[in-house]
Amino acid sequence: MLALRPGLRELVTVSSRLSCSRNKHTLPDLPYDYNALEPVISAEIMQLHHQKHHQAYVNNLNIAQDKLAEGLAKNCAKMQIAVLPAIRFNGGGHINHSIFWKNLTPKSQSGEPEGDLLKAINSSFGSVQVMKDSVSAAAVAVQGSGWAWLAYNPKSKLLESVPCPNQDPLEPTTGLVPLFGIDVWEHAYYLQYKNARPDYVKAIWQIANWKDVAQRLNEAKSK
Ligand code: MN3
């Protein structure tokens, strides 16, 4: 029995690494070119935001999950606990940006909310403009870095505007389902808008992908 233990331990470690490497997170492609959201968001911002910032969350999430797998294989609570903040931060960054890219679309294709989405916005906020003002106010008021979301509340069946700090992913931390997010980390706007976060927040509605938002609402309601 004793002689088998090191071998078994090696097997557990190797297999957990293998299953981890099979499931490495990768940077998703953007559904449009880097310059497609101009003039609202410049190609320079989009390229840095996607290739550098989002890529870093993906890389650091993979590293953190490898460490977690090692901690699990060794049944070491200290190792597991030590890596949880990195999983929350980088996992949240990966989840949030993967939604954000799809939430946006070239200005010519943005359109307006319609159908069930429009009904939900009207019954929750009164009008599309009040909803935009509410989410914008939440985005402008975020202290430091974070996000503001238009979200679906599965309990009340209503839409809400809600701020979220750092890279916290909305659904796992609050139970609210993210529909449309505004990234108010300075890396999302500073090269173009400098300190004028309200101008960036006001402009981003011109490139909202309402088809994507409507699809997310349908999925959230059918869960
Ligand atoms: Mn960002």
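Among contacts in the chain between residues at least 6 apart in sequence, what percentage join residues at least 24 apart? The figure is 68%. Two residues are in contact here if their C-beta atoms, placed from the backbone, lie within 7 Å.

**Before you start**

This is a predicted model: local features need pLDDT of at least 70, side-chain atom pairs count only at pLDDT 80 or more, and totals for chains, interfaces and linings use all residues. Residues are numbered from 1 along each chain as its sequence is written.

**Stop 1: the whole chain**

Show the C-alpha trace. Along its principal axes it spans about 70 × 40 × 30 Å. Colour by secondary structure and look for 9 helices and 3 strands. Helices are DSSP runs of H or I with at least four residues, strands are runs of E with at least two, and both are numbered from the N terminus. The pattern along the sequence is α-α-α-α-α-β-β-α-β-α-α-α.

Now colour by burial. Of the 223 residues in the chain, 30% are buried. A residue is buried if 20 or more other C-beta atoms lie within 10 Å of its own, exposed if 12 or fewer, and partly exposed in between, with C-beta atoms placed from the backbone.

**Stop 2: the sheet**

Select 146–153 for β1, 158–165 for β2 and 177–183 for β3. The 3 strands form an open sheet in the order β2-β1-β3, with antiparallel pairing. β2 and β3 stand at the edges with a single partner strand each, so one side of each has no neighbour in the sheet. From one strand to the next, the twist averages 25°.

Strands count as paired if DSSP finds at least two bridges between them. β1 and β2 pair over 8 bridges. β1 and β3 pair over 6 bridges. Both pairings are antiparallel.

Centre on Trp149. Which residue does Trp149 stand opposite in β2? It is Val162. In β3, Trp149 stands opposite Gly181. Step to Leu150, and the residue opposite in β2 is Ser161.

Go to the turn of the β1 and β2 hairpin. There are 4 residues between the two strands. Lys157 in this turn has a positive phi of about 65°.

Now check burial in β1. 7 of its 8 residues are buried, so β1 is largely enclosed by the rest of the structure.

**Stop 3**

Two packed helices are described by the angle between their axes and the distance between the axes. Axes are lines fitted to C-alpha atoms, for helices over the stretch in contact, and angles run from 0 to 180 degrees between N-to-C directions.

Select 128–141 for α5 and 197–204 for α8. Their axes come within 10 Å and cross at roughly 150°. That makes α5 roughly antiparallel to α8. The cut-offs are under 35 degrees for roughly parallel, over 145 for roughly antiparallel, 65 to 115 for roughly perpendicular, and oblique for the rest.

Show side chains. From α5 come Ser136, Ala139 and Val140, which meet Arg197, Pro198, Val201 and Lys202 in α8. The contact divides into 4 nonpolar, 1 polar and 2 charged residues. Ala, Val, Leu, Ile, Met, Phe, Trp, Tyr, Cys and Pro count as nonpolar, Asp, Glu, Lys and Arg as charged, and the others, Gly among them, as polar.

**Stop 4: α4 against α9**

Select 115–125 for α4 and 210–221 for α9. These axes come within 9 Å and cross at roughly 80°. α4 and α9 are therefore roughly perpendicular to each other.

On the α4 side, pick Gly115, Asp116, Leu117 and Ala120. They meet Trp210, Val213, Ala214, Leu217 and Asn218 in α9. This contact has 6 nonpolar, 2 polar and 1 charged residues.

**Stop 5**

Select 43–73, helix α2. Leaving aside neighbours within four places in sequence, its contacts are His25, Ile87, Asn90, Gly91 and His94.

Leu72 is partly exposed, with 15 other C-beta atoms within 10 Å. Finish with Asp212, which is 140 residues from Leu72 in sequence and 37 Å away in space, C-alpha to C-alpha.
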